[in-house]
Structures are given as C-alpha cells and as structure tokens.
Amino acid sequence: MSSLYYIDRSDIQLEEVIFSEDVAKEIDRFLKEYKYREILLKYNLPLSNKILLYGKTGCGKTMTAKAIAKHLNKKLIIVNLSSIISSKLGETAKNIESLFKEAQYESSILFFDEFDSLGLIRNFDNNDNSEMKRVVNSILQLIDYLPQKSILIAATNQIDMIDEALTRRFELKLEYKNPNEQALDTYYTNLFNKYPAEFSTNIERIYNKSFAEVKDYVIRRIKDNILDNQIN
C-alpha cells in the first residue's frame, strides 16, 4: 500500500448516517444518477462525480464518504495528508497526481479530508505562495480530467479558505451543521441501544453538539457507569 493513502474498509451503511433534510435530498439524487447511469449516458448526460462536504467538524462528513463508497460498492481511497504534503519543490503536486491516477485506475472514490490544506486560495498570505499556486493549478487540471468512472469527495471545515476556482469544480456542495434536537435524540437512542439499560438510563442528553461530541460524551458516561458499578 502506498504511504500516500490507505484503503478504507469500513462497513458503514447510508442508514447509519443522519443527514439534514437538504443534504439527504442531494445525496439521494446523487445516488439515483448512478442507479440510472445507463439512461443518462445514453443521452450524453455526464454523471455528477465531484462532491464537496463542508461545515462543522464531527457532523458526519467522513461517514458520508464511507457510506457512499459502500453503497456504490467502490473502493474508498483516503488521502494521507501527512505524507502527501512535501517540503520539496513540486513534490506535493506530483503526489496529488499519483493519487488521481490511482483513483482512475481503480475506478474508485478519492477522499480528501481537510481539503483546505491543499486548495488554499492562491493569493492567500502564506510562506510559499508559488508552491501553493502550483498545487492548486495541478488539482484544477486533474479535476477537469477526472473520468466518469471515478468519484472525488473532498471535506473541509474552512470552505472560505479554498480557492474559488476549485469550489466551482464540484457539482455538489453540501453543508454540514450541528444536528437539531430531533436528530440528536435519534442518535442518542441508537447509542444507548448498544449498551445495557442500567448503564445508560441516567445519562442526561445534551444538545447543540456535533455527533462526534455526543458520541465522546456518551462513551465517557457509559464507561464511568460501568466502572462505578465494579467499584460498588
């Protein structure tokens, strides 16, 4: 396996991801294109294959990429940002090109998390603006020639930092916000059902949090209850 990426083998179903109504509608429409791809291609209509997920951290962006890959039965190539970004001149752009070639060869989904670290606005004040321009220009060219059989999904918590020319390339731009109380109640119930009721019934439900924050909170409380029970 290349050090530039790893293959995700998670078994996450779409039903496990709690979407907002707007995002759910867009995801459903996207997947419908692939279900009826033959008739669309018959009329020379291109399939949407570039999705930008943005918004608050911990609200399901990575789970969305994993669930889409599972649903479409495609390999999910997750980029290893610590390896792809190089201090050597031009090396980062070459690494990105290698990743896109891999996705094309495998007919896979290429997933970039923290996409803002690569797609930074080209006039942004940074220490090596020329190198960043080279990287962004390379990504633009690679996206333009991404074949229909491959899918690009990028995620970011800071969409305002991404070069506008890049964001325009994505057919779908889906915003992830903190879930509402109803969505969190469903999530709490699903979490509590994984454990004996004696360890979860006294846990207070807190709101205005991300799914990740709620999961960390519930797991901590469950463990506290189990450990307290052992001591008593």
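Reader: In which sense do S4 and S5 pair, and over how many bridges?

Author: Strands of a sheet pair through backbone hydrogen bonds, either parallel or antiparallel. Here S4 and S5 pair in the parallel sense, over four bridges. Two strands count as paired if DSSP finds at least two bridges between them. Strands (E, at least two residues) and helices (H or I, at least four) are DSSP runs, numbered from the N terminus. This is a predicted model, in which local features need pLDDT of at least 70 and side-chain atom pairs count only at pLDDT 80 or more, while totals for chains, interfaces and linings use all residues. Residues are numbered from 1 along each chain as its sequence is written, and side-chain values use heavy atoms, with hydrogens and water left out.

Reader: What is the order of the strands in the open sheet?

Author: The six strands are ordered S1-S3-S4-S5-S2-S6, and the pairing is mixed. S1 (5–8) and S6 are the edge strands, each pairing on one side only. Neighbouring strands of this sheet are turned against each other by 20° on average, direction ignored; axes are lines fitted to C-alpha atoms, for helices over the stretch in contact, and angles run from 0 to 180 degrees between N-to-C directions.

Reader: Which residues of S4 are buried on its two faces?

Author: In a regular strand the side chains alternate between the two faces of the sheet. In S4, Ile109 and Phe111 are buried on one side, and Leu110 and Phe112 on the other. Buried means under 20% relative accessible area, exposed over 50%, and partly exposed in between (1.4 Å probe, protein chains only).

Reader: Where does helix H5 lie, and which of its residues are buried?

Author: H5 (residues 91–106) lies across S1, S3, S4 (109–112) and S5 (151–156), running at about 150° to S4; contact here means heavy atoms within 4.5 Å. The buried residues of H5 are Thr92, Ala93, Asn95, Ile96, Leu99, Phe100 and Ala103. They cover an arc of only 160° around the axis, which puts them on the same side of H5; the arc is that of the directions from the helix axis to the C-beta atoms. Lys94, Lys101 and Tyr105 are exposed on the other side of H5. After H5 comes Ser107, with a positive phi near 55°.

Reader: Why can the buried residues of H8 be said to line one face of the helix?

Author: The buried residues of H8 are Ala183, Leu184, Tyr187, Tyr188, Leu191 and Phe192. Seen down the axis of H8, they fall within an arc of 165°, so they line one face of the helix.

Reader: Which residue caps the N-terminal end of H8?

Author: Asn180 is the cap, with a side-chain oxygen 3.2 Å from the backbone nitrogen of Gln182.

Terms used
Polar contact = N/O pair within 3.5 Å; in protein donor to acceptor, adjacent residues only side chain to side chain.
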